[in-house]
Amino acid sequence: KIYDSSMNVLACERTVRRIFACPRDIIAMSKEKGVDYAAIIANGLGNILSIDSKTLESKLRKSEVLDVTVRKSASAEEYSAVIDFVKTNGLDGLVQTEAQSSRYYPEETLAAHALGFVGSDNQGLYGLEYYYNKELSGKDGYYLYAKDANGRPISGEYSDYVPATDGLSLITTIDTYIQKALESQLETIRVNHQVNNRVTGIVMDTETGAILAMATSSPFDPNSPYELDSVSQAKLDASGYTEGSEEYRKLKTELMQIMWSNKAVSETYEPGSTFKIITVSAALDLGVAKPTDTFSCCGYHTVGGWRIKCHKVTGHGSGFTLAYGLQMSCNPTMMNLAEKIGADSFYSYVDRFGYLEKTGIDLPSEASTIFHDPDAIGSTELATASFGQRFKVSIISQITAIAAVANGGKLVTPYVVEKIIDKEGNVITEHETDVRRQVISEDVARTVSEILEAGVSGDGGAKNA
């Protein structure tokens, strides 16, 4: 199983029934008794399972086929009706059922991108299901027996039964309450704004790196991963392609792959103004600036002959402090700081904050940062990088870097699985907080955190928050 942090089940196994027929036996029995069992079975199962009886009958008349799956995963009602049909018509051995294990996600779309899903063979394909497939999967049980030349079991001593071995279970850091709140907010944003490439969000414990919530809107249902979400389906419907055409199938495949992608981990973006926290932290840590230093902003700053604008085109005025410049998200302030830091030191802090390596989160397909080569950082590259533009990072790497400022300068490894337990509840492994390094001093981290807090609680640019 996969549990949330309060031991609510997010993913588990459930038993389903495969219904199948045996054409060789059907043909042999029909010849022996002079009864057209293929027609009887096809009509009966067609009515019970709402399938095309003529197509099924055609399959049942192929003597070279040993096993025809009629329904891969029958409901309890279907299974019961089939058993009654078999008994009533004396079809034992001709129509059979087989218990199979199927993955089930009781909360449906909740945390879908973090959980991932499994394929038809119950192998993990995305998310935690993929990353921890070896731990989760266990080993199938099976019957071992001899068959004759016609594929019929030979009863007697040549048989054995090997029981299944349960896999281990995961206890994650996901808080279902926070996860639902995050997903609700993301969906509201998606509906109310023009969104080109979905909306994503992460809630992280800054001290430990525990992921309390991670979501991308709109989510898919891992119980039916090959069905498009409503937004993706609308794009497919609006394409104008004829259903079943090559263009239609190709677009549907592309939309599914996008839908499955965990945007929070596997895609990159320009961090923008949130990166100004890193620029200020580096400047204070190097000692090239103090919170009380004063700056000016006329709405732009000239670098290498280029006028690079501030978001406030009329400017923030002059004589304001560094603290105010960060709180008001002033671009010229950041560009001035970057000039004091210098290209080499700026690059080293990008490295120290973890951007040039993967975070190591226990989820697959983590994206890598796309940043300037150190020998290619000129004055304009340095200026635009100071306020988070002209390079790309993953969302998980950005929140991990910012968390280091909130965590006294300690860069921690983000993670999703707190414990791995066996079926008796014994703890096999338990996560320990991994502090990768001290990226800035504790005093600088505290100072920047206080500046940011005042920017929200006071009259700063984030006061609406």
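These legends go with several close-up views of a predicted model. Local features need pLDDT of at least 70 and side-chain atom pairs count only at pLDDT 80 or more, while totals for chains, interfaces and linings use all residues. Residues are numbered from 1 along each chain as its sequence is written, and side-chain values use heavy atoms, leaving out hydrogens and water.

**View 1. Here is the largest nonpolar core, with 41 residues.** A nonpolar core is a set of buried Ala, Val, Leu, Ile, Met, Phe, Trp, Tyr and Cys residues joined through side-chain atoms within 4.5 Å. Buried means under 20% relative accessible area, exposed means over 50%, and partly exposed lies in between (1.4 Å probe, protein chains only). Val-280, Leu-337 and Phe-346 are among the residues with the most contacts inside this core. The elements giving two or more residues to it include helix 12 (276–286), strand 11 (294–297) and helix 18 (442–457). Helices (H or I, at least four residues) and strands (E, at least two) are DSSP runs, numbered from the N terminus. Helix 12 gives the most to this core: six residues.

**View 2. Now we zoom in on Leu-337 and what it touches.** Leaving aside residues up to four places away in sequence, Leu-337 touches Thr-279, Val-280, Ala-283, Ala-289, Phe-295 and Leu-322. Contact here means heavy atoms within 4.5 Å. There's also a second, separate core of 38 residues, and Val-118, Phe-220, Val-265 and Ala-403 are included in it.

**View 3. Helix 9 (residues 230–237) and helix 10 (residues 246–260) cross at roughly 160 degrees.** Their axes come within 10 Å; axes are lines fitted to C-alpha atoms, for helices over the stretch in contact, and angles run from 0 to 180 degrees between N-to-C directions. Helix 9 and helix 10 are therefore roughly antiparallel, the word used for angles over 145 degrees. On the helix 9 side, Ser-232, Gln-233, Lys-235 and Leu-236 take part, and they meet Tyr-248, Leu-251, Lys-252, Leu-255 and Met-259 in helix 10.

**View 4. A cis peptide bond joins Ser-217 and Ser-218.** Its omega is about 5 degrees. Look for Ser-218 in the loop between strand 9 (211–217) and helix 9.

**View 5. Ser-329 and Arg-390 have positive phi values without being glycines.** Phi is near 60 degrees for Ser-329, which sits in the loop between helix 13 and helix 14. Ser-329 is buried, at 18% relative accessible area. For Arg-390, phi is about 70 degrees, and the loop between helix 16 and strand 15 (393–394) is its place. Arg-390 counts as exposed, at 60% relative accessibility.

Terms used: Angles under 35 degrees count as roughly parallel, over 145 as roughly antiparallel, 65 to 115 as roughly perpendicular and the rest as oblique.
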